[in-house]
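Here are my notes for your first look at this one. Have the sequence open beside the model as you read.

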Amino acid sequence: MGVEPRSRTVAEHVAAVLGLVAPLPAAVMRLSELVDARTASSDIVLADDVRALAPVPAFDHSAMDGYAVRSADLPASGESVTLRVTADIAAAPNDPEPLRPGTAARIMTGAPLPPGADAVVPVERTSTGRFDPAADTRAAAVTLTRQPRDHIRRRGEDIAAGSLLARAGTELRAPVVAGLAAAGVHEVGVRRRPRVAVIATGSELVPLGAPTAPGQITDSNSLMLAAAIRAMGADVVRLGPVGDTSEALTAALDEAVRHVGRSGDPGAASPSTAEAPGPENPAPDLIVTAGGVSAGAADVVRGLLTSRPEALTDVELAAVGMRPGRPQALARWRGVPWIAVPGTPVAAYVSCAMFVRPAVGRLRGLPGPGARTEDRPVAVGWSSPRGREQVVPVRVTARGIAPSGDGHHLSALVAADALAVVPADVEKVSPGDLIPVIPL
Ligand SMILES: Nc1nc2c(c(=O)[nH]1)N[C@H]1C(S)=C(S)[C@@H](COP(=O)(O)OP(=O)(O)OC[C@H]3O[C@@H](n4cnc5c(N)ncnc54)[C@H](O)[C@@H]3O)O[C@H]1N2
Ligand code: MOO
């Protein structure tokens, strides 16, 4: 598009972002390696639907420590009966003999049910009272009564072999890992963590810890964005801050493309292991820059995007109907998708939540674009600009949401639990209104 930014809605810009990125290629990995890697397995996303290879439970077993019986031996009237105890079945490698009529078998929780048994009577409901691990309390006979429940867990009652266990796009969270392992799934097709390069721009910026001369400030955006993007399940490398010249920005973009992360193990990639470029060290999947996108004389990102160097394709300058975060841009640098967000810290964060998150989600192969919102009642109202979606840092309390400070101040963001997203046609947010929020 041309040099003038194109006005568009938040949804239109999200759609453009999603058009810029595609899901990463999938690789088959061992579940144990994914879990034992240094990074959270929940950052890894299943690339395919996964079906159970084995049933859960694997065999009919007892849900209680007690006695396995044939219920036909127990009077339906509820009277007690005394049975001979003929076996002792532990939760251990075991292939129990069939239970003969008129007998009972001591059985422990998780132990296979002997053929013929169709109920387990918990030990505390029998004449034994309890099994004492310290003393041999094995009785030759036990007196017990019919119970309302059979206390048996049947083969496949939890997860049937062949059943759909998890859909493509599922994050490998702890319960999913357990389900896969229990159902005999050792290897899964997964997408690795995306690699994202974050570059802060601005001649006024110095890295954290460096002394500031008059007119200089510490770069906080690259740290904020790196933390936010890593929490989305990506690996992040920070570069810069870079000064407001096309040469400096070009050099940083080229460095980002050459020098980010490692490929291969989706669980192991780490920015601390960034190595020399090469086949083991390919380009990032996404570049995010902050700053320099508005109308200033030195707005370096906008300058570079409008000067159209050869490395640049698919340039889109946008004026998004959102406050904060109106000036935005998208492009590819040497083919790598590039999201440029404004430099004002609250605008940078809001842009990250609204536009970088869907991009990272799509790279990871997550279903459904955009941030997950939930409606919350408003406790303390505020006003909103007409014609622009307003994104407001809010505290979430039992009474509802309330602004956590001046929406342009970083301190409001620091104190926020969520971002409220006020629709463009709303001018006044009043107590009791329901407003969608993105939890932080
Ligand atoms: N004439 C106009 N001026 C501005 C417009 C406009 O439409 N016309 N838009 C305003 C809006 S809205 C925003 S948002 C900002 C965005 O500007 P940039 O993306 O060009 O950001 P910068 O100018 O580089 O910085 C803005 C502000 O944020 C501070 N900053 C920048 N980077 C960092 C960082 N890494 N860490 C901490 N703080 C940072 C910077 O010092 C500035 O104070 O433009 C308005 N102007
Ligand atoms: O849109 Mo700017 O991003 O208001 O702060």
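1. Let's start with how S7 and S10 meet. Strand S7 covers residues 81-89 and is joined to S10 by 4 bridges, with the two strands running antiparallel. To pick out one pair, find valine 81: leucine 144 in S10 is its bridge partner. On the terms, strands are DSSP runs (E, at least two residues), numbered from the N terminus, and two strands pair if DSSP finds at least two bridges between them.

2. Before going further, a word on ground rules. You are looking at a predicted model, where local features need pLDDT of at least 70 and side-chain atom pairs count only at pLDDT 80 or more, while totals for chains, interfaces and linings use all residues. Residues are numbered from 1 along each chain as its sequence is written, chains are lettered from A and ligands numbered from 1 in the order in which they are written, and side-chain values use heavy atoms, leaving out hydrogens and water.

3. Now zoom out to the sheet around that pair. It is an open sheet of 5 strands in the order S9-S6-S8-S7-S10, with mixed pairing. At the edges sit S9 (119-122) and S10 (141-144), each of which pairs on one side only. On average, neighbouring strands here are turned by 40 degrees against each other, direction ignored; the axes behind that angle are lines fitted to C-alpha atoms, and angles run from 0 to 180 degrees between N-to-C directions.

4. How is the chain divided into domains? The assignment gives domain 1 (6-24 + 192-364), domain 2 (28-55 + 161-191), domain 3 (61-153) and domain 4 (374-439). Those bounds come from an automatic or database domain assignment. Between the C-alpha centres of domain 2 and domain 4 there are 37 Å.

5. Two cis peptide bonds deserve a look. One runs from glycine 240 to proline 241, with omega near 10 degrees, and proline 241 is found in strand S17 (residues 235-242). Another joins arginine 323 and proline 324, with omega about -5 degrees; this proline 324 lies in the loop between strand S20 (322-323) and strand S21 (327-333).

6. Finally, check some positive phi values. Aspartate 314, a residue other than glycine, has phi near 55 degrees and lies in strand S19 (residues 312-320). Aspartate 314 is partly exposed, with a relative accessible area of 45% (buried is under 20%, exposed over 50%, partly exposed in between, using a 1.4 Å probe and protein chains only). Arginine 334 also has a positive phi, near 50 degrees, and lies in the loop between S21 and strand S22 (336-341).
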